[in-house]
Amino acid sequence: MLLSAALQAGLTDPATVSRLRPLARAQRISLLESLARELRLPPAAFWQALAQQRALPWLDLAGLQADEALLRRLPAVLLQKHAMVPVRDAQGQGWLAVSDPDDRIGPQTVQRLLGIELRSGLAEPDALSALLQRETGRPAQSTGSPRAAEEDATQLLDRLMKDSLLRRATDIHVEAGEPGHALRLRVDGVLQPWGLPLARTLGEALVSRIKVLAGMDISESRAPQDGGMKFAIAQWDGDAVDVRVASMPTRHGERLTLRLLGSTSQGGSVLGLDQLGMPPDVLEPLRERLARPHGIVLVTGPTGSGKSTTLYAALRELDHQRLNILTIEDPVEQEMAGISQVGVSAKMGFAEALRSFLRHDPDIILVGEVRDADTADTALKAAATGHLVLSSLHTNSAAGAVSRLVNIGCERYMIADTLAGVIAQRLVRRLCGHCALSRPLAAAERALLGDAPWPADAVQRVPVGCPHCLGTGYRGRLGLYEGLWLDADLAAAVARGAGERELSRLARQRQRLYALADDARAKVLAGLTSLAEARAYLHRDEAPPSP
């Protein structure tokens, strides 16, 4: 049933099914799980494909509420036997969530007992079963003993990690609340609920299980802690996934945030500069700067904008055999062969590692982040003495990197002498290639895109939603890039005290600035992302004046 729906929806093809069938048998897992791992799709995608095949609405129970009034009027035995629950959406619309699209008796019985017609929608069986257990008072799997709670937490963590990887999540949030622990995943930059809130006993057991694996003190719950672990999915071949864990005490208990650093064998990807989607006006100057023997190149943007991915892609452009490349990171997120990578610690920060690096005959130095005056000063001095330095910085624009370095405490003449270029970037969601539709641009949308030359009959693509993207209309992310490349005149402007606004204006006049708005516009018109996603970056405002 699910396999037929997946084939019809285009989630897979007969050749892939034939190839994976003997592998699934050899690994003693279901064909569906083997397909999910191969395609990087969670089970919900296959059930959504089934809903599409049967022309039924798809119900994501994480965003719905059980209808308590109707539940009191229905026998729990009936709901359990037919696996169905009456629910309401955010607009108050009533639905009957079912897990068997071929069951006619259950919905008809509910309609007869209630005297009203509830439209049926298909829901994922595991989620529906969990909702039934919570709402009907049926015994949960756990008997309430500490050992049983520990076993439940172990199984739950394995399922949570597996689904997070299949959904391509970057972070897992375990949030303590008054009724229990809520779980959320950050997928394509957007937080989405995962399952139903956990009972307090199970939630606390899950927190303890994660803290044990991450090497954290489970007896300490009143102070923040940091830890890390390598997590291997049961019955999955491949390397373990690197996970960074942080805990924080809250009013209702500890909350955890897990950053999934990824593993190429578990479906992660190793990206080169050509695969980042940089426009030629950013990519070509960057490659020219990477070929220089000295100077500093900065990648800027807010947290989570893909700066580390860009820096790693830049390192892959370099000849690891001919060059001595050293990195200092917090933490080391991707291991790279032929490169000496160092993680910061309580005994050694960025500045201390940088000073030590200079005694190891480096050609290229990567500094994970310029955070303070000491690190910035040492990085600029390294760039001025015959080393190429790559680093990241938190600023809103490329030109803002100069003001940021000045505010940290760097001398303007040093910045002017060493700064080769700055890339500012953001991440937006990529439209799903299976369901996005094209439609004409309205007058207001044309005005928002600006006066740059583009076809009069240009169209935009809009999200729709399908099993491939789990109904969101988006699958994956892509970068928007801004590039500022200094020459002698711009360096002189930096040295004499030019602010962000003046520097941006001069760079644009000299065609040394490719604006973020230009890249956002180009990617909307190319149909890579939607106007709604790129709207915030389409304003080509000058940088604010320096204080």
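**Figure 1. Helix α14 and the second largest cavity.** The largest share of the lining of the second largest cavity comes from α14, with 3 residues. The model shown here, and in the views that follow, is predicted. Both α14 (373-384) and β12 supply at least two residues of this lining. The volume of the second largest cavity is about 30 Å³.

**Figure 2. Residues around the second largest cavity.** The lining is made up of I296, L298, V370, A376, A379, L380 and L405. By class, 7 of the lining residues of the second largest cavity are nonpolar, with no polar and no charged residues.

**Figure 3. Residues around the largest cavity.** The predicted model has 2 cavities of 30 Å³ or more. The largest cavity holds about 40 Å³ of space. Lining the largest cavity are L286, L290, V297, V299, T310, L311, A314 and L390. Two or more residues of this lining come from each of α11 (280-290), β12 (295-300) and α12 (307-316).

**Figure 4. Helix α12 and the make-up of the largest cavity lining.** With 3 residues, α12 gives the most to the lining of the largest cavity. The classes in this lining are 7 nonpolar residues, 1 polar residue and no charged residues. T310 is among the residues that line the largest cavity, as are V297 and V299. Strand β12 gives two or more residues to the largest cavity, and β12 also supplies at least two residues to the lining of the second largest cavity.

**Figure 5. Centre of the second largest pocket.** The second largest pocket has a volume of about 1800 Å³. Its lining consists of 50 residues, of which D126, A127, A130, R159 and G195 are the closest to the centre of the pocket.

**Figure 6. Elements and residue classes in the lining of the second largest pocket.** Helices that each supply at least two lining residues are α3 (31-39), α4 (43-53), α8 (125-136), α9 (146-166) and α10 (200-213). Strands β7 (190-193) and β8 (198-199) likewise each supply at least two residues of this lining. Helix α9 gives the most to the lining of the second largest pocket, with 8 residues. Sorted by class, the lining residues of the second largest pocket are 26 nonpolar, 13 polar and 11 charged.

Terms used. Residues are numbered from 1 along each chain as its sequence is written. This is a predicted model: local features need pLDDT of at least 70, side-chain atom pairs count only at pLDDT 80 or more; totals for chains, interfaces and linings use all residues. Side-chain values use heavy atoms; hydrogens and water are left out. On a 1 Å grid over the protein atoms alone, a cavity is a set of points where a 1.4 Å probe fits but cannot get out, and a pocket is an open set with protein on both sides within 12 Å along at least five of seven lines; lining residues have an atom within 4 Å of a point. Grid points are joined across faces, edges and corners, and a volume is the space filled by probe spheres set on the points. Helices (H or I, at least four residues) and strands (E, at least two) are DSSP runs, numbered from the N terminus. Ala, Val, Leu, Ile, Met, Phe, Trp, Tyr, Cys and Pro count as nonpolar, Asp, Glu, Lys and Arg as charged, and the others, Gly among them, as polar.
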